[in-house]
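Walk through this model with me, from its pockets to its cores and on to its backbone. Keep the sequence and the 3D view side by side.

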Amino acid sequence: MSFELNRRLAAKRESLPTSATVDAVSAAIIRGALETVCFEAATHLGRAASSPIINQSNERNASVIDAHGRLASGSIGTPHLTFVSQLTVRYGLEKLEEYDWGPGDVFLGNDPDFGGGHLPDYNVYAPVFDDRGELVLIQALQAHQGDTGGKDPGGFTLEATDIFTEGLAIPCVKLVHRGEKRKDIIKLIERNNRFASFSGDLAAMISGVQLGVRLLDDVIEKWGADSVKAAINYNIEHTEKCFRDEVTAWPDGTYEADVFIDHDTQGTKDVKVHVACNIEGDQLTVDLTGTDDRQELVGVWNTFANSRGYVMTQLSAMVDPGIIKNEGLFNAVDIIIPEGCIAHPPPNKPAALGSFHPACEITEAVCVALSEVVPERAAPQVYKIGMPNAVIWFDENGMMQMDQGVDARSMDASAVQGIDGWGSCPVSLGNLLLSEAEEAEARGPVINLSREMTTDAGGAGQWRGQPGSLNVKKVLQPTMATAWMVSSAHPMNGMCGGDPASPYTNHFEVGTPNEYKIDLTMQAQLPANAVIAYQHGGGAGFGYPWLRDPEAVKEDVLDDYVSIEGAREKYGVVLTGSLDDYDLTVDLAATQALRKEMAAAKGVNP
């Protein structure tokens, strides 16, 4: 049932029927209006929500979807959420009569087997009708919730073997009927969540889509429903043409890549994602055939909708950024995801952790495969962290609280052609605002001791990856903590001769005789004053390291990005003088000789 449903939901949708025509300028103005509505709805949610993961971290996205289930517009949010919302809505559209869609209604869905991403990503959406009662648009808001009512707080159960262990799965349910809240349904959903803040989050999502509907009503009233539909058709067709024009300029051929996850949550090693990108003229096909399909794997199942969305997240980053993000992108690409593999799981497989891995390996594999085709845009859209360190406690009222571990950090910021890795979070997280130190400290017994970039933790290359950061925190009372470690044996790949990123490591009860390293997973009861230290992997390098300007390497040493030893071993740069005296000088003759040796060892002409 799930496979057949996914094929149906992902099928290409026809243009909206309309008697109107629009010129390019009018289509762009209407598109701008839809984008503004998305921005307003997402901003409303970010300001009105109760939980830090939404009102602080901003892990949310808004989109406008047309009556045929096509992505018409989106806000600037977490990129991968932009491309998954429409499949949940498409399932609701299939049940339009069964669920009695009408003006003032609001729906909710999060089921991975019914077009959803993973259970924590709640999709709340509402229809928009014209004055003739015809469905024109759907306003959707998607946001990550801190809990899903499953076995473990947060919805991430390391040993889960089915979706029911992870929480409440909702294919589609009506929250508001003709403007009146269905209090029994809302209470049921609130009851299946551990956190008191959830009721505020759900209310903010409902009011956010209702705001979006009112604003979309204004757009339709101003332009007319037929002109709005014509503009959507125009913009989707234009995006498809622009994407195909980019692909036409790429050399024909098949480009492949393998990327590995260290292990699943039970220790099964080397879980593989395989991608083949085939280019023929203006047609790009992304084929995941060969991706791991071992049914005994645990914790590494990514939903079909998520896999499809992550492929597009990477592809849209590898073309002109001015191309508008809408359904035209999907119309321009054939995406093949074999049924039964970890990127298209059978029904009822657990999916919470799959949004980390293999989701990120899918984008990374697409990037590696196409890095030789469009090296100037080969920026992997990943967050290679297995799972953040989540710390859980009970407050004075007996309510469960959680520090999600979504801390400000430097990780996975790879170099691209011409630019060193930079920033405090990877590009795949878009405008996600990672938590400030004071946020968790104000809510509970957590003290952030330090956050600092680690020398030599960025992948070497002609352009250098950003060093990863070491985040250290202390818990002031007994708490529970969970973790899943990956990207140690298989850190992020370098591009076009660049070195891979530095690996992730994680230690609990640091500085005591009980200190231990997390190699696989951990659900631990931490004593008061326990210290945990998470070394985040840096970004990967781009281009052969011996091609980097020696003076740039010297500056990296002066800035503590690279050590003197790292300059010599990784970049072939020999420095004289003293770092303490700030009088480092490049020995050009010794550097040239050493770099020739390094290139020869790799079988590459220097």
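How much space lies in the largest pocket? About 760 Å³. The model is predicted, so to speak of local features a pLDDT of at least 70 is needed, side-chain atom pairs count only at pLDDT 80 or more, and totals for chains, interfaces and linings use all residues. Residues are numbered from 1 along each chain as its sequence is written, and side-chain values use heavy atoms, with hydrogens and water left out.

A pocket here is found on a 1 Å grid over the protein atoms alone: it is an open set of points where a 1.4 Å probe fits, with protein on both sides within 12 Å along at least five of seven lines. Lining residues have an atom within 4 Å of a point. Points are joined across faces, edges and corners, and the volume is the space filled by probe spheres set on them.

The largest pocket has 30 lining residues. Nearest its centre lie Ile 76, Pro 79, Ser 316, Pro 321 and Lys 325. The elements that give two or more residues to this lining are helix H2 (24-48), strand S2 (71-74), helix H4 (79-82) and helix H10 (304-317). Helices and strands are DSSP runs numbered from the N terminus, helices being H or I of at least four residues and strands E of at least two. By class, the lining has 14 nonpolar, 11 polar and 5 charged residues. Ala, Val, Leu, Ile, Met, Phe, Trp, Tyr, Cys and Pro count as nonpolar; Asp, Glu, Lys and Arg count as charged; the others, Gly among them, count as polar.

Turn to the second largest pocket, with about 380 Å³ of space. It is lined by 20 residues, and Ala 10, Arg 308, Val 333, Asp 334 and Ile 335 are the closest to its centre. Helix H1 (2-10), H10, helix H11 (328-331) and strand S11 (333-336) each give two or more residues to the lining. S11 gives the most, with 4 residues. The class count is 8 nonpolar, 4 polar and 8 charged.

Next, the cores. How many residues does the largest nonpolar core have? It has 103. Such a core is a set of buried Ala, Val, Leu, Ile, Met, Phe, Trp, Tyr and Cys residues joined through side-chain atoms within 4.5 Å. Buried means under 20% relative accessible area, exposed over 50%, and partly exposed in between, with a 1.4 Å probe and protein chains only. The residues with the most contacts inside this core are Phe 243, Trp 250, Leu 284, Val 286, Leu 315 and Leu 370. Helix H12 (residues 359-370) supplies the largest share, 8 residues. Look at Phe 243. Leaving aside neighbours within four places in sequence, Phe 243 is in contact (heavy atoms within 4.5 Å) with Leu 284, Leu 315, Val 319, Ile 323, Leu 329, Ala 332 and Val 333.

Now the charges. A salt bridge is a side-chain nitrogen of Lys or Arg within 4 Å of a carboxyl oxygen of Asp or Glu. By this rule the count is 34. Glu 240 and Arg 244 meet in one of them, at 3.1 Å from N to O. They sit 4 residues apart in helix H9 (residues 225-248), about one helical turn. Both Glu 240 and Arg 244 are buried. Shared partners join Asp 130, Arg 132, Glu 134, Asp 226 and Lys 229 into one network of salt bridges.

Glu 159 bridges to Lys 151, with the closest N and O atoms 2.8 Å apart. Glu 159 is partly exposed at 32%, and Lys 151 is partly exposed at 44%. Lys 187 pairs with Glu 190 at 3.7 Å. Both lie in helix H7 (residues 183-191), 3 residues apart. Lys 187 is exposed at 53%, while Glu 190 is partly exposed at 22%.

Finish with the backbone. Most residues other than glycine have a negative phi, and most peptide bonds are trans. The bond from His 357 to Pro 358 is cis, with omega near 20°. Pro 358 lies in the loop between S11 and H12. Asn 348 lies in that loop too, with a positive phi of about 75°.
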